[in-house]
Amino acid sequence: AKVRQALRTQATGPGAAEFEAQFAALDANGDAKVAAAELAKALPGLLGGLELTPRELQAVIDKFDVNKDGQIDLDEFGALVELTDTDIDDILVRIRDELRAQARLGTDPTALFQQRDGEGEGSLSRREFRRCLDQILPGHMKLSNREMRRIMDRFDRTKAGKVDYTAFCERCAPSEIEILAVEHKIRDKVRDVSSRRGQSVDLKHAFKLFDGDRDGRITRREFQQACERLGLALSEDELGLLLQRFDTSGSGAVDYFEFCRFIAYDGPEIDNLRLRAGKHLDLLQHEQKDPIRIFERFEGRRQPLGVLARFEFHRACRELNLPCGESEVAALADLYADSRESGQVKYR
């Protein structure tokens, strides 16, 4: 891997010429083959002074010496330095991570591409695409000519010399799983700051956290500012995708009812919450700790009725170390609320 990377970064010209130039630099005696001794002599310069052991050198020869003559010829050398699809995938992953990191700091990686795209076609010439990517990526991530060409080949799908930068940016955008994770973080954060101990989530209070100008609608800017106050930094892609999920009417802003539908607990969440709480209580019983006794102690009656005030229910759940957040305990209290008496929870 060290040898491949070192040789790849030396790429300067187009096509087969660069293979031949690199090969000639290694082929000291000009016999069109590179032996272990020639490789050993040339590699320290390519590897920044790092020398390979005799065993490592021989391993390189063995791996790429297809005809097993103990040396590497030009065709075998081409296989050594050529980039594979897996190599390109790995490079794109690194680029994706860097662009997302920049986006979280407020930089929109797509803006530069769009500025250069005067016609709004969603594509750029190879020269313009390279200039943009060179400008976006930090120095330590500078791509070799060969790496850049292979990336452009992947996104020049019509082979017309135009790189589809929109497809490239989509490749670097957050995945569905990542968006769901951010979505859950926002829900949990908003629910916890909007529910007092033992009380249900105050949806009106939660909405006010986002609706800065109190006009009954949450704009993109207000949504972003509220998330920042909650300690959640979102990239432009994440922000756009999340707003699409909130804004079910497609109005461009989020109204109160859309917000409530997003924040309120849904059926699958309640089922999951009930399952987690039930497993924890079963585990306590297995350890000879009766949860009912804890609830009865908080009820404080000589003849317990099996109901608790919401605040006491919350305290009992905390003593039982229930694996639930503040708003989840409140959701359990809502789930087991006594329909006959307001503010009471049936714990049995």
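Colleague: Which residues of helix 13 meet helix 14, and what are their partners there?

Modeller: In this predicted model, Arg-220, Phe-223 and Gln-224 are the helix 13 side of the contact, and they meet Glu-236, Leu-239, Gly-240, Leu-242, Leu-243 and Phe-246 of helix 14. Sorted by class, that contact holds five nonpolar, two polar and two charged residues.

Colleague: What makes helix 13 roughly perpendicular to helix 14?

Modeller: Two packed helices are described by the angle between their axes and the distance between the axes. Here helix 13 (residues 220-229) and helix 14 (residues 236-246) cross at roughly 115 degrees, and their axes come within 11 Å. Angles of 65 to 115 degrees count as roughly perpendicular, so helix 13 is called roughly perpendicular to helix 14.

Colleague: Is the crossing of helix 13 and helix 14 left-handed or right-handed?

Modeller: Helix 13 and helix 14 cross in a right-handed way.

Colleague: Let us turn to another pair. Why is helix 7 called roughly antiparallel to helix 8?

Modeller: Helix 7 (residues 109-116) packs against helix 8 (residues 126-136) at an angle of about 150 degrees, and their axes are 10 Å apart. The cut-off for roughly antiparallel is over 145 degrees, and therefore helix 7 is roughly antiparallel to helix 8. The crossing of these two helices is right-handed.

Colleague: Which residues make the contact of helix 7 with helix 8?

Modeller: Helix 7 brings Pro-109, Leu-112, Phe-113 and Arg-116. From helix 8 come Glu-128, Phe-129, Arg-131, Cys-132, Leu-133, Gln-135 and Ile-136. By class, this contact of helix 7 with helix 8 has seven nonpolar, one polar and three charged residues.

Colleague: Now for the loops. Where does Lys-159 lie, and why is Lys-159 called exposed?

Modeller: You will find Lys-159 in the loop between helix 9 (145-155) and strand 4 (162-164). Its relative accessible area is 61%, and exposed means over 50%, so Lys-159 is exposed. The phi of Lys-159 is near 60 degrees, a positive value in a residue other than glycine.

Colleague: What is the phi of Gln-288?

Modeller: Phi of Gln-288 is near 65 degrees, which is a positive value in a residue other than glycine.

Definitions and conventions: Residues numbered from 1 in each chain as written. Predicted model: local features only at pLDDT ≥ 70, side-chain atom pairs only at ≥ 80, totals over all residues. Heavy atoms only, no water. Axes fitted to C-alpha atoms, helices over the stretch in contact; angles between N-to-C directions. Helix = DSSP H or I, 4+ residues; strand = E, 2+ residues; numbered from the N terminus. Parallel < 35°, antiparallel > 145°, perpendicular 65-115°, else oblique. Left-handed = near helix turned anticlockwise from the far one by under 90°. Contact = heavy atoms within 4.5 Å. Nonpolar A, V, L, I, M, F, W, Y, C, P; charged D, E, K, R; others polar. Buried < 20%, exposed > 50% of the residue type's maximum accessible area, 1.4 Å probe, protein only.
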